[in-house]
Structures are given as structure tokens and as C-alpha cells.
Amino acid sequence: MRQALILYSSVDGQTLRIAERIQQHCLSHHAVKLLSIEQASAQDLAESDKILIGASIRYGHYRPELCRFIERHQQRLNQCQSGFFNVNLVARKANKNRPNTNPYMVKFLIKSPWQPKLVWVLAGRINFPALGWFDKRMIQFILWMTKGPTDTRQSYEFTDWQSVDDLAEKFAQL
């Protein structure tokens with residue numbers, strides 16, 4: 001059985017939840033190792049036939065660890081079957097949920113030394129009650145500006161889980 005590696009970079013845990021679902025889907029096709037970007041080693045990459053990386057966006061940026069990881073491992077990532085998905089609240093809008101229409105994915109593909117064979121965009125989740133005061137107010141303001149929900153007593157799930165399953169199937173077939 002082939003070895004697949006799924007890596008994630010998550011702030012609030014939604015990207016991890018998505019990565020876990022993809023892992024479960026792919027287990028019937030491959031042995032699958034799931035690690036955070038911080039846990040992954042060059043050996044993990046070398047032992048894998050294919051690699052999928054998922055990363056969240058917070059305040060318009062990926063976590064710095066993602067960029068450092070890609071810089072450090074770009075050669076291996078470009079050599080193998082690989083994919084990348086991002087998770088962001090902008091993708092909750094129908095005209096911003098595809099790789100060619102999501103501003104974060106477009107910018108990533110222009111700037112990244114890694115050019116994944118599979119790219120995907122997913123909407124995330126906002127759990128207002130779990131946020132600290134500053135993040136709660138900032139995200140509330142951003143959602144208000146973009147005509148999103150702003151009740152800070154609520155959690156909002158924007159992830160299209162069927163799209164996650166579609167991504168998992170595409171990755172399994174790489």
C-alpha cells in the first residue's frame with residue numbers, strides 16, 4: 001500500500017478537522033500519516049508517495065511556519081504528487097470559493113516556489129465564543145464589512161463537507 005502524508009497548519013482547529021476527514025476518506029486507498037507542519041520532518045516527506053498540505057488564513061495571511069516549511073521542502077514537494085488547500089472565511093462566498101477566484105489562493109500560487117498539482121479552496125468556521133476579546137472584535141468587524149454574520153454569541157460553520165469529500169477523492173486518485 002502506498003503512503004500518503006497530510007500536513008496541516010491551523011489556528012483554531014478547523015483545518016485540522018478537515019484534514020482528519022480527508023485522512024479517513026483516504027485510508028481505504030493508502031496508508032495515511034497526518035501531522036502538523038511543525039511536526040513534519042524531511043524523512044516524513046521522503047517516505048510519502050503523495051503529500052497534501054492544508055493551511056488556514058487569519059487576517060489575510062498564512063501562518064509563517066507554512067511559508068518556512070515550503071521554502072525548506074520545495075524540491076520534494078515539486079517532485080511528488082502533491083496538493084494544497086486553504087481554509088478561509090472569504091470562501092464562504094460562491095464567487096470566492098475556487099482556486100482561480102479566491103484571492104488568497106491566487107496570491108499563493110503566484111508567490112510560492114511550490115506548484116502543487118491539486119489545489120482546493122474551502123470555507124472555514126468561526127467560533128466566536130471561543131475567541132479572545134481582540135480576535136472576536138476584529139473578526140466581527142471583518143464579517144460586518146463583508147456582510148457576514150456578526151452575532152458573537154454564535155458559532156458559524158461555513159465548511160462545505162461535500163467539497164471536503166470531493167477533495168479527498170481527488171487526492172486519493174493522484
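**View 1. A salt bridge joins the side chains of R58 and D12, with N and O 2.0 Å apart.** A salt bridge places a side-chain nitrogen of Lys or Arg within 4 Å of a carboxyl oxygen of Asp or Glu. The structure is a predicted model, in which local features need pLDDT of at least 70 and side-chain atom pairs count only at pLDDT 80 or more, while totals for chains, interfaces and linings use all residues. Residues are numbered from 1 along each chain as its sequence is written, and side-chain values use heavy atoms, with hydrogens and water left out. R58 lies in the loop between β3 and α3, and D12 in the loop between β1 and α1, 46 residues apart. Helices (H or I, at least four residues) and strands (E, at least two) are DSSP runs, numbered from the N terminus. R58 is buried, with a relative accessible area of 17%, whereas D12 is exposed at 52%. With a 1.4 Å probe and protein chains only, buried means under 20% relative accessible area, exposed over 50%, and partly exposed in between.

**View 2. R58 also forms a salt bridge with D135.** The closest N and O atoms of this pair are 3.4 Å apart. D135 is partly exposed, at 23% relative accessible area.

**View 3. D165 and R21 connect two helices through a salt bridge of 2.9 Å, N to O.** D165 is in helix α6 (residues 161–173) and R21 in helix α1, 144 residues apart. R21 is partly exposed, with a relative accessible area of 33%. Within α1, the buried residues are Q14, T15, I18, A19, I22, Q23 and C26.

View 4. K50 is buried but has no salt bridge; D49, the nearest side chain of opposite charge, is 7.9 Å away. Here Lys and Arg count as positive and Asp and Glu as negative, while His and the chain ends are not counted. A polar atom of the K50 side chain lies 2.8 Å from the backbone oxygen of A172.

**View 5. The largest nonpolar core contains 23 residues.** Such a core is a set of buried Ala, Val, Leu, Ile, Met, Phe, Trp, Tyr and Cys residues joined through side-chain atoms within 4.5 Å. L7, I53 and F84 touch the most other members of this core. Its largest share, four residues, comes from α3.

Notes. A polar contact is a pair of N or O atoms within 3.5 Å; within protein, one must be able to donate a hydrogen and the other to accept it, and residues adjacent in sequence count only if both atoms are side-chain atoms.
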